[in-house]
Amino acid sequence: MPRPELLRGAPGRLLAEPAPPEIIDPPQYSIAWVILAVLCILVITALIVGTLKITRAVEKRIAYRRRPGDVEALKAEFLRAVNDVADRHEDGALEVREGHHELTGVMRRFVRRTTGHDVSSQDLATLLADPRTRAVGELIGDLYEPDFAMSTDRDLRESVRRAREVIRSWS
């Protein structure tokens, strides 16, 4: 702390005049701070947007893996067709013979759509010879009797159940 006797020159006189009482403005902030703040906001925004895009892409990939494949979609389509035959039969709109005939057509279309081979006019031996179509061939062979007989004791519900099993087990 300065001693007052050292600041005085002649008796009663100060070496320097005191500063007039005035308000001094604070120093101005540099433009660099504004630029830095804007850059920080941009970086934070970019991080948030990047995180959202990455997590959404991961979610889309997971959802894509979980969605049914083409074969599964075809199975679902033909299971609906088989169920439609069963529903129309239970409503009385379809006789047993007509139901078996439609079921045979559904199964032949199923093979054509899944394998790419047109089996709509192939005989039963050809269907049974191919390991992929053997199960369908066996089912169609069992459907021939109620398909072409004038009367049959074959239950359409059992044929529908077997058709569903063949479609579900298809790979």
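The accessible surface of the chain (Shrake-Rupley method, 1.4 Å probe) amounts to about 12,900 Å², and carbon and sulfur atoms account for 60% of this area. The model is predicted, with local features requiring pLDDT of at least 70 and side-chain atom pairs pLDDT 80 or more, whereas totals for chains, interfaces and linings use all residues. Residues are numbered from 1 along each chain, and side-chain values use heavy atoms, without hydrogens and water.

Of the 171 residues in the chain, 21% are buried (under 20% relative accessible area, 1.4 Å probe, protein chains only). The secondary structure consists of seven helices and zero strands, where helices are DSSP runs of H or I with at least four residues and strands are E runs of at least two, numbered from the N terminus. Contacts (heavy atoms within 4.5 Å) between residues at least 6 apart in sequence join residues at least 24 apart in 59% of cases.

Helix α4 spans residues 96-115 and reaches 28 Å from its first C-alpha to its last, close to the expected 28 Å (1.5 Å times one less than the number of residues). Buried residues in α4 include Leu 103, Met 107, Phe 110 and Val 111. Just after α4, Gly 116 adopts a positive phi of about 90°.

Thr 133 is located in the loop between α5 (124-129) and α6 (134-148) and is buried, with a relative accessible area of 4%. A polar atom of the Thr 133 side chain lies 2.7 Å from the backbone oxygen of Leu 127. Leaving aside residues up to four places away in sequence, Thr 133 touches Val 111, Thr 126, Leu 127 and Trp 170; of these, Val 111 is among the buried residues of α4.

Note on methods. Buried < 20%, exposed > 50% of the residue type's maximum accessible area, 1.4 Å probe, protein only. Polar contact = N/O pair within 3.5 Å; in protein donor to acceptor, adjacent residues only side chain to side chain.
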